[in-house]
Amino acid sequence: MKLVNAIIASALVIFSASSFSKPIAESADLVTPLLVGQEVPEVQTTTLEGKQVSLQSVIDGKPTILFFYRGGWCPFCNVQMGQLQAIEQDLVKLGYQLIGVSTDSPADMQKSITKEALSYQLVSDFDSKMSQAFGLAFFTSQKVTDRYLDKMDLQNPLQKNAAGEERLVLPAPAVYVIDDEGLVHFQYVNPNFRVRLDPQLLLMAAELAK
């Protein structure tokens, strides 16, 4: 019995460690997102002031709507940010805080806040560690990497894929409803960046999770 318990304990330790360091997927279709019933991983993020802090300190034990978007350069992301701004007060009334995450630098996030007149919090995942921990990070193709770096003038750091090729890493757009203990009650992830969760469905999910 002791041996069985030791094996189970070891398996849990291995599972916990691996869940916090998921590999970057080779494409958006191959991401392995954090699921309902799992806890938010321990990972670092960057504030708008450029300070490295833990995600847990940002969430601060509060029910949270956490959404991952590609960047302020993405028109689909800008539409989504505006839609979320429109329902933010409804989410606040339900007891939630709204936090956005992207690979934009803190300076570029400041521009998004001004441009979109956002009142909710944004944090930077410039090195993609947070999206990787959530199982959302993926390598873009060489064609997309070249086009985005050229047309969007992105400054994001490139990372090497399994073939040793330097590629741009982005998150699959995602929305998580998280309780005050860091447990995921709802998630929406779509590898097609053109398709985002309807804000009314998010409100419904947030209310049901209370």
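The model is predicted, with local features requiring pLDDT of at least 70 and side-chain atom pairs counting only at pLDDT 80 or more, whereas totals for chains, interfaces and linings use all residues. Residues are numbered from 1 along each chain as its sequence is written, and side-chain values use heavy atoms, without hydrogens and water.

The largest nonpolar core comprises 34 residues. Such a core is a set of buried Ala, Val, Leu, Ile, Met, Phe, Trp, Tyr and Cys residues joined through side-chain atoms within 4.5 Å; buried denotes under 20% relative accessible area, exposed over 50%, and partly exposed the range in between (1.4 Å probe, protein chains only). Ile65, Phe67, Leu91, Tyr120, Leu122 and Leu202 have the most contacts inside this core. Another core, apart from the largest one, has 20 residues, including Leu66 and Ile178.

Seven aromatic pairs were found in the whole structure. Rings of Phe, Tyr and Trp (its six-membered ring) pair if their centres lie within 6.5 Å, and planes under 30 degrees apart count as stacked, over 60 as edge-to-face and the rest as tilted. The pair of Phe67 and Tyr120 is edge-to-face because the ring centres are 5.8 Å apart and the planes lie at 75°. Phe67 counts as buried, at 0% relative accessibility, as does Tyr120, at 4%. An edge-to-face pair is also formed by Phe76 and Phe193, with 5.6 Å between centres and 75° between planes. Phe76 is partly exposed, at 32%, whereas Phe193 is buried, at 18%. Phe67, Tyr69 and Tyr120 form one aromatic cluster.
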